[in-house]
Amino acid sequence: MRVLYAFLLRLHPRHFRERFAEEMMAIFDEAGSFQLLGDILVSLIRQRAFRPNQQSAPARMASPSGMFQTLDTYTPRRSALIQGAALSAIFFGALVFAATNGARPIKFLIGSPDPRPGLLNLTRSSIEPAVPDATVRVPTPAVDPWRGFASKYFRIIYVLGALDANHDYVISAEEIAAAPVALRQLDLDGDGKLSAEEAGMCLGAGSFPGCRGENTVGDEHGRMEWSPDQMERFRAVFMGSSPVLAALDTDHNSEISASEIRNAPAALRRLDLNGDGKLLPVEIAPDSVVREILLRGR
Amino acid sequence: MKEQATEFLPLNPATLHILLALAGEDLHGYAIMQHVAEQSEGRYKLGPGTLYDNLQRLLDQGLVKERAKERERSADPRRRYYRLTAVGRGVLTAEVARLETVIREAKLHLQTARPGRA
């Protein structure tokens, strides 16, 4: 019954509710009876039907402190004002703290499907505010030609992919040391040595169990009508196409034998031209690629 | 003052009872309701809806004012105490005087009418 009474009280006009609701609930709590429900219902009809515009024009009233203005027709309680002031101070403080210390400003590039800071990295010093037709320099992002080459090179030459355990396109000192283990994983037929096919040579997609068709030596249709002599020639060409394969195949018989696998770390270290202990793409790329990238960079 | 008081007359029964209840002492809403019931010997019971509708008007007219300090001393902090203002007292006095006149006139008319009817 109390809930119903409170509900009906809540339906009264705001100005009436704010002024008398507390007291009316207090009376109900003291003398709650079914008759009071009838009374509140009549009161609701009276307030809604005959007093709808009473105090509808809100008067501006100053708070006791004189610092706040309210649109309501009553003066807020002092405790409510203090509470509001404290909350405002906390919110403002948090906002200032976030703006100056903690939060990183979010940058949006209007019109971009992928808004990220740094997408359009303007050079602020190039903007001249006094000149309306100032030219704004947009720096072109630095492209690493070696990375683009290496991503394909390491995928085509299976040996390189196996050696580069962390896929950073750099054969580190640790990866050089672990080369025998990595190379043995490519030995699909388990004969203890790596053929040119196991090292990555393909004569058409599906021509070899491990062949992914990305390094096709044969024609584009994957024809395999090659004589044994031609096959030997292809293997020799393939093993000589990469400095890494050439370095590993020390006897140049177009396969990496068990002993060559064991001695792989030493063979690889011989490719370390700058002596930093690791092999960069520039140190293991074919000469023609190195030349081309260097010329393009001029 | 008297002219100002007569502007509010005649008072409706609820307003009259509320002003009469507050004439003796400052009361909160529930006490006014009880007082009205006692005044009328239970014949007139004021509900909270009617009471506060009238109190709202009396407060706006300045016939009654709220004693805010009384809220803190009250057993129920939700209670507010109301007090008759000087204007309210003047209006009540004027209404009582008006009613006395009405009653006197009524008695007079009834006395003079009685023999004729008989």
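This is a predicted model: local features need pLDDT of at least 70, side-chain atom pairs count only at pLDDT 80 or more; totals for chains, interfaces and linings use all residues.
1. Overall content of chain A. Chain A holds 15 helices and four strands. Of its 298 residues, 20% are buried. When contacts in chain A between residues at least 6 apart in sequence are considered, 44% of them link residues at least 24 apart.

2. Overall content of chain B. Six helices and three strands make up the secondary structure of chain B, and their order along the sequence is α-α-β-α-α-β-α-β-α. Chain B has 118 residues, of which 31% count as buried. For contacts in chain B between residues at least 6 apart in sequence, the share that joins residues at least 24 apart is 60%.

3. Geometry of helix α3 of chain A. This helix covers residues 34–50, and its 17 residues should span 24 Å at 1.5 Å a residue. The C-alpha atoms at its ends are 24 Å apart, which agrees with that expectation.

4. The buried residues of α3(A) are A:Leu36, A:Asp39, A:Ile40, A:Ser43 and A:Gln47. Viewed down the helix axis, the buried residues of α3(A) fall within an arc of 100°, and they therefore line one face of the helix. In general, an α-helix has 3.6 residues a turn, so residues three or four places apart point the same way. On the face of α3(A) turned away from the buried side are the exposed residues A:Phe34, A:Gly38, A:Ile45 and A:Ala49.

5. What covers α3(A). The elements that cover its buried residues include α1 (2–10) and α2 (14–31) of chain A. They also include a helix of the other chain, α4 (48–61) of chain B.

6. The interface between the chains. Chain A contributes 17 residues to the contact and chain B contributes 13 residues. On the side of chain B that touches chain A, α3 and α4 of chain B each supply at least two residues. The largest share of that side, six residues, is provided by α4(B). By class, the residues of chain B on that side comprise three nonpolar, five polar and five charged.

7. Packing of α3 and α4 in chain B. How do the axes of α3(B) and α4(B) cross? The axis of helix α3 (residues 29–39) of chain B and that of α4(B) come within 10 Å and cross at roughly 110°. Because angles of 65 to 115 degrees count as roughly perpendicular, α3(B) and α4(B) are described as roughly perpendicular to each other. The residues that meet are B:Gly29, B:Ile32 and B:Met33 from α3(B) and B:Pro48, B:Leu51 and B:Tyr52 from α4(B). This contact of α3(B) with α4(B) has five nonpolar residues, one polar residue and no charged residues.

8. A buried strand residue in chain B. B:Leu84 belongs to strand β3 (residues 81–84) of chain B. Is B:Leu84 buried or exposed? B:Leu84 counts as buried because it has 24 C-beta neighbours inside 10 Å, where the cut-off for burial is 20 or more. Neighbours within four places in sequence left aside, B:Leu84 is in contact with B:Leu19, B:Leu22, B:Ala23, B:Val64 and B:Arg89. B:Leu84 and B:Leu63, which are 21 residues apart in sequence, lie 6.2 Å apart in space, C-alpha to C-alpha.

9. An exposed helix residue in chain A. A:Arg147 is part of helix α5 (residues 145–156) of chain A. A:Arg147 is exposed, because 11 other C-beta atoms lie within 10 Å and 12 or fewer count as exposed. A:Arg147 and A:Asp168 are separated by 21 residues in sequence and by 9.1 Å in space, C-alpha to C-alpha.

10. Backbone details to inspect. In chain B, the peptide bond between B:Leu9 and B:Pro10 is cis, with omega about -5°. B:Pro10 sits in the loop between α1 (2–6) and α2 (13–24) of chain B. In chain A, A:His167 is not a glycine, yet it has a positive phi of about 55°. A:His167 lies in the loop between α6 (158–163) and α7 (173–177) of chain A, and it counts as exposed with 9 C-beta neighbours inside 10 Å. A:His252, also not a glycine, has a positive phi of about 55°. The loop between α11 (243–248) and β4 (255–256) of chain A contains A:His252, which counts as exposed with 10 C-beta neighbours inside 10 Å.

Terms used
Residues are numbered from 1 along each chain as its sequence is written. Chains are lettered from A and ligands numbered from 1 in the order in which they are written. The expected span of a helix is 1.5 Å times one less than its number of residues. The arc is that of the directions from the helix axis to the C-beta atoms. Two residues are in contact if their C-beta atoms, placed from the backbone, lie within 7 Å. Axes are lines fitted to C-alpha atoms, for helices over the stretch in contact, and angles run from 0 to 180 degrees between N-to-C directions. Angles under 35 degrees count as roughly parallel, over 145 as roughly antiparallel, 65 to 115 as roughly perpendicular and the rest as oblique. Ala, Val, Leu, Ile, Met, Phe, Trp, Tyr, Cys and Pro count as nonpolar, Asp, Glu, Lys and Arg as charged, and the others, Gly among them, as polar.
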